[in-house]
Amino acid sequence: MHEMKRLGRGAAELLAIGEDLRHHEFELELLTGPLQGVYDPSGHGAALFAFFAGMAESEREYIREKSLEGQASARERGRHGGRPKVVDDDMAAYARSLRTNGVPVPQIAQKLVITSGKNKGEHPSVATVYRILAEEADGTE
């Protein structure tokens, strides 16, 4: 193995890998780095696997914390993740009024036109129109 970080993502995964290596009587050989050498997971290598498991769990938690901090920072600057909305409030109101007048959902989808984004000028899907109408019925928007 060339890189330690490629061994596993969390403590549970690393411990399972160590147990699997121990069960099949394989050894772990690190080809580069300061811990270069051959380690037996059933011998002294067990301590190394426990150490790696702890470090992997620590690194995973660190990455998670940094990701959450980055998302919070982006929200403070007015940036919100996810895809942009296809349907604006005017389009939703128009869809609701058409539905109230008895127009079938597939025809409503054909009457609506997306005004921005990569699908600009196209019609929203029938599923999108159903979702808009369901949001109104649930009281969520």
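Colleague: What share of the contacts in the protein with a separation of 6 or more comes from residues 24 or more positions apart?
Modeller: Those residues account for 42% of them. A contact means heavy atoms within 4.5 Å. This is a predicted model: local features need pLDDT of at least 70, side-chain atom pairs count only at pLDDT 80 or more, and totals for chains, interfaces and linings use all residues. Residues are numbered from 1 along each chain as its sequence is written, and side-chain values use heavy atoms, without hydrogens or water.

Colleague: Which elements does the protein have?
Modeller: Five helices and two strands. From the N terminus on, they run α-β-β-α-α-α-α. Helices (H or I, at least four residues) and strands (E, at least two) are DSSP runs, numbered from the N terminus.

Colleague: How does the reach of helix 2 stand against the span expected at 1.5 Å a residue?
Modeller: Helix 2 covers residues 45-76, 32 residues in total. The expected span is 1.5 Å times one less than the number of residues. Just after the helix, Gly78 takes a positive phi of about 85°.

Colleague: Why is Ile108 called buried?
Modeller: Buried means under 20% relative accessible area, exposed over 50%, partly exposed in between (1.4 Å probe, protein chains only). Ile108 has 0%, so Ile108 is buried. Its place is in helix 4.

Colleague: What does Ile108 touch, not counting residues up to four places away in sequence?
Modeller: Ala95, Leu98, Arg99, Val103 and Val129. Ile108 and Ala95 are 13 residues apart along the chain, with their C-alpha atoms separated by 6.3 Å.

Colleague: What makes Ala92 count as buried?
Modeller: Ala92, in helix 3, has 8% relative accessibility, so Ala92 counts as buried. Beyond its neighbours within four places in sequence, Ala92 is in contact with Val87 and Ile132. Glu135 is 43 residues away from Ala92 in sequence and 9.9 Å away in space, C-alpha to C-alpha. Across the protein, 25% of the 141 residues count as buried.

Colleague: What makes a set of residues a nonpolar core?
Modeller: Its members are buried Ala, Val, Leu, Ile, Met, Phe, Trp, Tyr and Cys residues, joined through side-chain atoms within 4.5 Å. The largest such core here has 13 residues, and Val87, Ile108, Leu112 and Val129 have the most contacts inside it. Helix 3, helix 4 (105-111) and helix 5 each supply at least two of its residues. Helix 3 gives the largest share, four residues. Another core lies apart from it, with seven residues, among them Leu21, Leu28, Tyr39 and Leu48.

Colleague: Which residues does Leu112 touch, not counting residues up to four places away in sequence?
Modeller: Met91, Tyr94, Ala95, Glu122, His123, Pro124 and Val129.

Colleague: How much space lies in the largest pocket?
Modeller: About 480 Å³. Its lining has 19 residues, and Pro84, Lys85, Val86, Val87 and Arg131 are the closest to its centre. Helix 3 (89-100) and helix 5 (126-138) are the elements that give two or more residues to the lining. Helix 5 gives the largest share, four residues.

Note on methods. 1 Å grid on protein atoms, 1.4 Å probe; cavity = no way out; pocket = protein on both sides within 12 Å on 5 of 7 lines; lining within 4 Å. Points joined across faces, edges and corners; volume = space filled by probe spheres on them.
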